[in-house]
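Dear colleague,

Please find below the structure that I am handing over to you. My notes on the helices and on the chain as a whole follow it.

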Amino acid sequence: MASMSTQKACTSSSSSLSSSSSSKTQWKYDVFLSFYGLDTRKNFTDHLYATLKQKGINTYRDNENLEEGEPIASGLMKAIEESQYAIIILSKYYAFSKWCLKELVKILECRKEKEMIVRPIFYHVKPSDVGNQRETFGEAFVKHEKDPKVSTEQMREWRTALEEVSKIRGRHLLDSHESEDIQDITKSIFDELSCESSDDSEHLVGINSRVEEMMNLFSTMSDDVHFIGIWGMPGIGKTTLAYAIYNKICHDFEASSFVCDIRKTVEKDKQGLVNLQKQLLSETLMVKEVNIWSYLEGIKVIGKRLLNKKVLIVLDDVDKDEQLKALAGSPSWFGQGSRIIITSEDKHLLKKHHLGTTIHRVNELDNNEALELFSWIVFNQPYPKKEFEDLSNGFVKYAKGLPIALKVHGSSLIDRPRKVWEDYLHQLEETYKGEILDELEISYRGLNEIQQNLFLDIACFFKGEDENRVANIEGVGSSNNMKTLIDKSLITISEGKLQMHDLVEKMAWRVVHRESPKKPGRRSRLWFCKDVFHVLKENTGTKFVEGMVLNSPPHEENLNDKAFSNMINLRLLKISNVHLPKGLNFVSNKLRMMEWHDYPLKSMPNSFQPDNLVELIMPRSHIKQLPEGFGNLAKLRLMDLSDSQNLVKTPNFIGCPDLQRLIFRGCTRLHDLPRKLNLESLQIFILSGCVRLKKFSEIGTNMTKLSELYLDGTALEELPLSIANLTGLTLLSLQDCKNISCSTSVNLPSLKTLNLSGCKGQQSNFWYSHGIFQMFRLTLGIDYFFPAPCPELDSINLPLPMLFGLSSLVSLDLSDCNLSDGTLPDDLSCFSLLEVLKLNKNNFTSLPDSISQLSKLTCLHLENCTQLQSLPNLPLSVSVNVRGCTSLEYYSDKVVQWNLPQ
């Protein structure tokens, strides 16, 4: 197994949560073994040495067979000085060796001067016999006293050393099982080294909580073989977390191995996989060399030799399935209780290799953790110096919790003056350290061409946009490719929106910029204002340009008619604030998204037939009429021409089977719709504010998916009978449709929200002959008129209306409809699901008592009903707004809220 120092190097070479170097002594060896060879070299000491090495504890053992009389090797004394621990195996004849006694004196000297940790093992001897030089220890000194080469001073030193070591707390082995003793000794040393290693060379900010989270995960696992994937974006700290866990638990396993930097090793060396297999076997089998000549042979050897071993294996930075197949192909390769930890930027790879893999995502540091890490790197303390506090927070903000960014930026600022900090922080808005972006670009390079294009589109144009919308624009296969980008930690999806780390975004921008550093017109994507205007004004666009987005330009620009002529492969266009005084000759027919705010012309180029167009968004355009061909755009999903004041007519949409949203809000001159609409995919249709629209289209039988219809403020005089085909309609707004009248019964069973506020009619007897409840007959399915005041019918006792089709209604707005007493029916039981009822600005003096029977009702709005005199008894659960009801005399206690906001 690799030494602790080797593993530390592995960790520090990868991006981690780490920070600055410690001032602690850097030991060459973890443990120095002091023993008498004739007693224990080939038994206890040999077994202890092998176990220590197996656990990755770098141990010095003198293997030279020195003869009596030879001077003690200077290298031996140096090895003692360079060791952190000394294990002294005080065996029966230990004191007969002058070299052992000289080692002992040196060890105790290092204990005082270098804080060496000494662990004596009293191997079949009593500590008191050692300290008092009795039994064999006494016999040894009788021999030394007769040796003329041994001085009195040496004798005194040796006796003092033996007395001192006998008083150090150690381990007394007499009649126990040596294998168990060796395991306990090794575990004790390993645990102490592991505890120290977490802060020995680095400040691991934020690691403890992440390790604890993983340990909680491990505690729920059975004794089967488990694969655990640690997944996250480059530079997030996957290796550091894996190493911390490895240190914490590896002593619980028979063998362990931490295989670092697998991706880089395989990329640099054709025999990389074979070498990694050799390392894995060498460390887990505790042998120096393993003879493997092909990775296929290695697969067989690993699967056979580790079959009965409980092992802990960490495979760090895996990016190909063949790597996993070569090193940990199956749980059946390993013994019960084994744990295989894999770090990777590719979630799909982890899932695909072994379906039972438990995947843990490593998240960015929070702001406090990031500031602490940055402070350790720059100031070697957990908080920034006061005079650099503001700038430190600035760097933390730009790093967005990514440890590698904090480490790279911080290391450039150590002991630098404030002016350098300010200049550096300012530059971050334009460029980023290549070292960081190079690390992040690794995942990008692992994508195929289609996935790379999708990633660049998201980074340049669609960050923060709805995932489904982008998938539709990008086309077939985009949803699956987005999953790949997520699995490779390049994007995330939060509440349906596409997101990515700011540094990943910068990396993508750099990829595009490298396509043509000095000629923007030869890049695939343009999104910086200066680049877009340069290309458009200078006509330097080329066939390489696929996307152009101009968000909120600071000023207006005039373009010539050939501005887009050479961009024949343009797929994505978003632009605004431009004028075309000479018209427009050409726009690419390959467009999938066209978003042009304030389009300045009344027509489009005759050659413009974008058969692949998915979205046409042109608010406030000057378009008078779209080309007829726009009625046959088979892939079109959205058409938004809001506030296009010149638009008078729409296409017929016959050839638009995928159209889901039609928006003509505020098109004040629009007066002509298709005679019939039969759009089976249409979900939202908005005609609000189309004040000249008097007639609505006939509805085909396929329009069952339309859920929202907005006809507010139109001049509609009637709705067609075929509106009954909108069986999926959940919202209908006819607010301020002052001219509408009708008398035919229609059933809309799915309707949840109905807004009829402001529908007053044009005649004094409107509510009787063409009134609001007559409209209910049309829209909701009411068989009879509601009784209304009328001189001719005062003495007639009309039956209560039989209502149907209202079973789903949740919200009803009848505000400002000139409703008077008797217009509302006495029996409102048909509104059984009604939660919100708005009756503001009407003329009745009282309400039907049956309102109190509406069990779902929570809000009753009666604002400015100036003639209202009384209220029925209502449940306490109903909030009532009676602000402006100046005639109200009677109301039930605790029901009315006079100032409830609407």
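In helix H14 (residues 295-305), the buried residues are Gly298, Ile302 and Gly303; buried means under 20% relative accessible area, exposed over 50% and partly exposed in between, with a 1.4 Å probe and protein chains only. These residues span an arc of only 125° around the axis, and therefore lie on the same side of H14; the arc is that of the directions from the helix axis to the C-beta atoms. They pack against helix H13 (272-285) and helix H15 (321-327), where contact means heavy atoms within 4.5 Å. On the face of H14 turned away from its buried side are the exposed residues Leu296, Lys300 and Lys304.

Please note that this is a predicted model, in which local features need pLDDT of at least 70 and side-chain atom pairs count only at pLDDT 80 or more, while totals for chains, interfaces and linings use all residues. Residues are numbered from 1 along each chain as its sequence is written, and side-chain values use heavy atoms, with hydrogens and water left out.

Two helix pairs were also examined. Axes are lines fitted to C-alpha atoms, for helices over the stretch in contact, and angles run from 0 to 180 degrees between N-to-C directions.

The axes of H22 (residues 449-462) and H25 (residues 502-515) come within 9 Å and cross at roughly 110°. The two helices are therefore roughly perpendicular to each other; angles of 65 to 115 degrees count as such, those under 35 as roughly parallel, those over 145 as roughly antiparallel and the rest as oblique. Phe455, Leu456, Ala459 and Cys460 of H22 meet a set of H25 residues that includes Met507, Trp509 and Val512.

For H7 (residues 136-145) and H8 (residues 152-166), the axes come within 11 Å and cross at roughly 170°, so H7 and H8 are roughly antiparallel to each other. Their contact is formed by Phe137, Phe141, His144 and Glu145 of H7 with Met155, Trp158, Arg159 and Leu162 of H8.

For the protein chain overall, there are 28 helices and 32 strands; helices (H or I, at least four residues) and strands (E, at least two) are DSSP runs, numbered from the N terminus. Of the 902 residues in the protein chain, 54% are buried. Among contacts between residues at least 6 apart in sequence, 56% join residues at least 24 apart.

Yours sincerely
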